[in-house]
Amino acid sequence: MKGVGRRCPSAHLREAALIIALCLLYAIVSSLPRDGIDQLARHNAERLIAFENSLGLFQEAAWNQWLVGMGDGIIAAFNWTYILSFMAVIPASALAYYVAARERYFNYRNVVVISLLFALVAHAAFPVAPPRMMAEYGFVDTMKSVGPGWYEVRDAAAYFNAYAAIPSLHFAWSMVFGWLFFMRGGRLLKALGVVYPTITFLAIIVTANHYFVDAAAGAAMMVVSYGIVFNWRVFTLRARMMATSLTGRREAVKSGG
């Protein structure tokens with residue numbers, strides 16, 4: 001695979017173009033104006049909180065308050081964990097697998113692409129205000145209270161969907177790479193495969209960026225996306241085997257004739 005990549009530099013450009021196109025798609029869809037979305041997102045958040053309350057699961061505010069009580073240093077550490085676990089770990093891991101294990105990269109890239117398309121539909125159909133916007137329930141936006149300052153203005157960014165709480169791509173994609181680390185690595189990577197999504201889950205909750213249901217929905221979305229990719233691979237493999245078998249039979253008939 002590496003040799004193919006070296007002989008076909010255009011393949012790298014096509015892959016980079018695909019990634020850029022997906023980022024632009026997300027930005028464009030996220031920036032589309034919708035009348036009354038603020039009220040709708042808050043209403044949906046209240047429905048989600050009521051649902052969690054009915055199951056006895058609504059503990060996110062307590063987790064968030066625990067972090068707030070730990071002091072600015074610990075808050076900043078979790079804020080940076082929230083940022084870097086998505087903006088640094090995922091691109092770096094994807095690039096490493098693209099270079100070192102191209103086939104695995106494409107498989108998991110397809111999972112990520114399908115999950116992104118699912119998420120775009122879900123975010124548009126069911127916008128949800130994240131916990132940080134629901135101060136009346138006891139939540140504190142730790143990014144605004146401690147920083148970093150350049151990130152806490154995210155809700156004002158035209159390309160950023162402030163109401164994309166469910167499903168959580170942040171947690172979902174950490175699961176993808178956590179699973180990849182665990183299945184393909186040695187002891188260190190296996191440990192990282194468990195720690196990475198676990199720490200990410202903790203960070204998205206205590207910083208008041210997601211609800212428990214968001215993470216659960218993200219996990220379910222990844223299972224479905226992986227199932228689609230896996231079954232498509234099985235289907236295409238069987239189709240190729242069948243085509244090869246038919247070709248062989250035709251050649252045998254010709255030779256016998």
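Where is the place of Ser-174? I looked, and Ser-174 sits in helix H10. I note at the start that this is a predicted model.

**Entry 1: Ser-174**

Ser-85 is 89 residues away from Ser-174 in sequence. Yet the C-alpha atoms of Ser-174 and Ser-85 are separated by 7.6 Å.

**Entry 2: The overall build**

I counted elements. The protein has twelve helices and zero strands. Read from the N terminus, the order is α-α-α-α-α-α-α-α-α-α-α-α. The protein has 257 residues, and buried residues make up 40% of them.

**Entry 3: Two helix pairs**

I reminded myself how such pairs are written down. Two packed helices are described by the angle between their axes and by the distance between those axes.

I took H6 and H10 to begin with. Helix H6 covers residues 89–100 and packs against H10 at an angle of about 40 degrees. The axes of H6 and H10 are 11 Å apart. That makes H6 oblique to H10. H6 passes H10 in a left-handed crossing.

Then I took H5 and H11. Helix H5 spans residues 72–87, and its angle with H11 is about 120 degrees. The axes of H5 and H11 lie 9 Å apart. H5 and H11 are therefore oblique to each other. The crossing of H5 and H11 is left-handed.

**Entry 4: Salt bridges**

How many salt bridges does the count come to? The count is two. I recalled the idea behind them. Side chains of opposite charge can pair when their charged atoms come close.

Are Glu-15 and Arg-109 buried or exposed? I found Glu-15 buried, and Arg-109 is buried too.

Arg-42 and Glu-136 form a salt bridge as well, with the closest N and O atoms 2.3 Å apart. Arg-42 belongs to helix H3 (residues 37–54), while Glu-136 is in the loop between H7 and H8, so the pair ties together parts that are 94 residues apart in sequence. I checked accessibility here also. Arg-42 is partly exposed, at a relative accessible area of 29%. Glu-136 is partly exposed, at 47%.

**Entry 5: Backbone exceptions**

Most residues other than glycine have a negative phi, and most peptide bonds are trans.

I found a cis peptide bond between Gly-147 and Pro-148, with omega about 15 degrees. Pro-148 is in the loop between helix H8 (142–146) and helix H9 (149–152).

The bond from Ile-166 to Pro-167 is also cis, and omega there is near -5 degrees. I located Pro-167 in the loop between H9 and H10.

Ala-208 is not a glycine, although its phi is positive, about 65 degrees. I placed Ala-208 in the loop between H11 and H12. Its relative accessibility is 0%, so Ala-208 counts as buried.

**Entry 6: A nonpolar patch**

Which residues make the nonpolar surface patch? I listed Trp-179, Phe-182, Met-183, Val-194, Val-195, Ile-199, Tyr-226 and Phe-230. The area of this patch is about 730 Å². I then asked which helices supply it. Helix H10 (169–184), helix H11 (187–206) and helix H12 (212–256) each give at least two residues of the patch.

I picked out Phe-182, which lies in helix H10. Phe-182 is partly exposed, with a relative accessible area of 33%.

**Entry 7: Val-229**

I ended in helix H12, where Val-229 is found. Val-229 is buried, with a relative accessible area of 9%. I compared its position with that of Tyr-108. Val-229 and Tyr-108 are 121 residues apart in sequence. In space, the distance between Val-229 and Tyr-108 is 8.5 Å, C-alpha to C-alpha.

Notes:
Residues numbered from 1 in each chain as written. Predicted model: local features only at pLDDT ≥ 70, side-chain atom pairs only at ≥ 80, totals over all residues. Heavy atoms only, no water. Patch = residues over 30% accessible without salt bridge, like charges linked within 9 Å, V, L, I, M, F, W, Y side chains within 5 Å. Areas by Shrake-Rupley, 256 points an atom, 1.4 Å probe, with all protein chains shown as cover. Salt bridge = Lys/Arg side-chain N within 4 Å of Asp/Glu carboxyl O. Helix = DSSP H or I, 4+ residues; strand = E, 2+ residues; numbered from the N terminus. Buried < 20%, exposed > 50% of the residue type's maximum accessible area, 1.4 Å probe, protein only. Axes fitted to C-alpha atoms, helices over the stretch in contact; angles between N-to-C directions. Parallel < 35°, antiparallel > 145°, perpendicular 65-115°, else oblique. Left-handed = near helix turned anticlockwise from the far one by under 90°.
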